[in-house]
Amino acid sequence: MRLFVIYTVDGITNGMVYAAVALALVMIWRATRIINYAQGAMAMFTTYIALTVIRHGAPYWVGFVVALAAGMVIGAVTERVLVRPVESRPPLNAVILSLGVLILLEAIAPMLFGGQTQSFPVPVSNIDIVAGTTSLPVAPFGLFTVGAVLVAMLLLFLVFQRTTLGLRMRAAAFNPEIARLLGIRVGRMLTLGWGLAALLGALAGMLAAPSVYLYPSNMDEVLVFGFTGAIIGGLESPVGAVAGAVGVGLALSYVSGYIGADLAPLGGFVILIVVLMLRPQGLFSFGRQRQV
Amino acid sequence: MSRMLRGSTLVRHGLMFLGLTVVLLLLTSFVFDAYTNYNVTEVAILAISAAGLTVLTGINGQVSLGHGALMMIGAYTTSVLLTWHPDLPLVLMLVASIVTTGIAGAIVGIAGARLRGPYLAGATLALAVALPQVPSHFASIFGGNQGLSVPTPTPPPFLGANFTQEEWLAWIALAAGVITFFVLANLVRGATGRRFRMVRDNEVAARLAGVDVARTQILAYVISAACAGLAGSLFAYWVTRTSPSAFTLNLSLSLLTAIVIGGLGSLVGAVVGSFILVYLPVWTGGFASSLNLSSNVANNVPLAIYGIVLIVAILVFPRGIAGGFASILRGATRVLGPSRRSPSLPTAPETPSQ
């Protein structure tokens, strides 16, 4: 029973990191119909920037803010400079483009920051909390991880649902033509959307790095699990993405705990296939089914 | 004779590929040195796998980010069988790998036939990450992270004492490649290929015309996986050790990028893309090591250049490098042509892939 609790807590904590990646993917998918395979590499890159800032003597929080800001800039620049020209082209072009960005970032990172695996600092302790004589199965950093992602989601929700800017961004994603007719600068909204998504990805990078360590491809698996969660959730729904990603986190944690850590990715794959066999559009997608 | 050449694709392709085989085998034995043969073998192996992916993604419109995992199934089939029975002939290994990977492809295809666009991409991506973990877990069969060693095939004695193992492996890989391309080229031009394209371009129209969409997609997956299995088996002989670390996510992604860069939907493009995959690092690596850079920089120059090539190629040549050259040629011959719009993929306007 105690093991089950530990696995559950671990699963939820990791799942929240996957959820941040999943939400970033869903935001970009809804706005531009593109899956940003470079999301993980962008997060890796911003985490390296944060580490450099921290290594130069700045406090963790300065590095944290720098990483999020850098994420926003990288996301926005990528959209404006690279993605914009392929938005109207066949979808595979955007896939290859984002894979190109992924490969480029994973090649530049070791040139700038060194190729060896590095440990990454935590802002609060990573050791389980002890209450009285019993050790609880949760560490302050775990609570921070869950809290940070929840706060980020809440802020994004408020921006999208309660502000004029959010309304414009939703309109631009929902129907670019009509949004343009209503005077919305659709291009700018898309750039901003990519920036916000990459910011969320950068957050995931900061939260994942202490446990997966920092090296050029450290976010590859996190991206795949976040993508898996987003697909299980149906790609269209932010709530679904978060639920799916937490589900993936839990599943990986149970498989890795009870069967073997090696098989965790296989467990994720099996669950994805089972869900997609039952609902090819994901769990939270209520749109029109494909008609053939 | 000339009427027969024009009339029968089979005869024309047969003569063409026969000539190609002779030229390639002569080149490997009399022109190339051992290092070139080693690289040419890799080009042939990747081209076989990429050609299979071209049929699946370029011609049938199903995207796969997990073809490296299918190659892994082929490689492990060969390696495990050779560990059990080291004396089994090479041809049998190749066939066995084609069969097992083809079966695996059928399973993936049955699951994949219900999925479209990013859903299919995500499922195959998850496969690419998940499958390489299996040998680590079942170490008693697959040798764990160390992998299994594969003996290099020895050339038959009648080729003479000077005939090296590199030459022999290059012969095998090139022969397998030529046969694969011969089979695929005929398949793509025939009724099966037409059905594949029909399903890619318009599923509803395909169904109305009596094409079983799901069965067609599964068939495309089986053919594509069989190619990956053959490539995987050859890959095992080429590396001489089969371990999970050889089948990274990068391999799967490289195969997809190669066929798009080469020119999506064209078998020649698969060869061009594989050539770039092998020779870009060879050339840029030599260039980088001549600059006296630190090892962190020099080791990653080839990868960075590959990333830049991908980005630039997509922005400048949306139809791939082979397509880009073709349109430059067409532009040169028809300078005053009516079309001034930049070319985009006209063959696949609705490719449901992401």
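Why does B:Pro244 count as buried? With 21 C-beta neighbours inside 10 Å, B:Pro244 qualifies, since a residue is buried if 20 or more other C-beta atoms lie within 10 Å of its own, exposed if 12 or fewer, and partly exposed in between, with C-beta atoms placed from the backbone.

## Basis of the model

The structure is a predicted model, in which local features need pLDDT of at least 70, side-chain atom pairs count only at pLDDT 80 or more, and totals for chains, interfaces and linings use all residues. Residues are numbered from 1 along each chain as its sequence is written, while chains are lettered from A and ligands numbered from 1 in the order in which they are written.

Chain B contains 17 helices and two strands; helices (H or I, at least four residues) and strands (E, at least two) are DSSP runs, numbered from the N terminus. Of its 354 residues, 51% count as buried. Two residues are in contact if their C-beta atoms, placed from the backbone, lie within 7 Å. Among contacts in chain B between residues at least 6 apart in sequence, 78% join residues at least 24 apart.

B:Pro244 lies in the loop between β2 (241-242) and α13 of chain B. Not counting residues up to four places away in sequence, B:Pro244 touches B:Pro132, B:Pro135, B:Ser136 and B:Asn145. B:Pro244 and B:Gly147 are 97 residues apart in sequence, yet their C-alpha atoms are 6.9 Å apart in space.

## The interface between chains A and B

In the contact between the chains, 48 residues of chain B meet 45 residues of chain A. On the chain B side, at least two residues each come from α6 (117-130), α7 (134-137), α11 (203-208), α13 (249-263), α15 (295-298) and α16 (301-316). The most is given by α6(B), with 11 residues. By class, this side of chain B has 31 nonpolar, 13 polar and four charged residues; Ala, Val, Leu, Ile, Met, Phe, Trp, Tyr, Cys and Pro count as nonpolar, Asp, Glu, Lys and Arg as charged, and the others, Gly among them, as polar.

Helix α6(B) has 14 residues and reaches 20 Å from its first C-alpha to its last, close to the 20 Å expected at 1.5 Å a residue; the expected span is 1.5 Å times one less than the number of residues. This helix is mostly covered, 14 of its 14 residues being buried. Helix α16(B), with 16 residues, reaches 22 Å, close to the 22 Å expected. Its buried residues include B:Leu303, B:Tyr306, B:Leu310 and B:Ile314.

## Helix packing in chain A

The axes of α5 (residues 140-162) and α6 (residues 164-174) of chain A come within 5 Å and cross at roughly 80°. The two helices are therefore roughly perpendicular to each other. Axes are lines fitted to C-alpha atoms, for helices over the stretch in contact, and angles run from 0 to 180 degrees between N-to-C directions. Angles under 35 degrees count as roughly parallel, over 145 as roughly antiparallel, 65 to 115 as roughly perpendicular and the rest as oblique.

## Buried residues of chain A

A:Met219 is found in the loop between α8 (186-212) and α9 (220-233) of chain A, and is buried, with 31 other C-beta atoms within 10 Å. Leaving out residues up to four places away in sequence, A:Met219 touches A:Gly40, A:Ala41, A:Ala43, A:Met44, A:Gly205 and A:Ala208.
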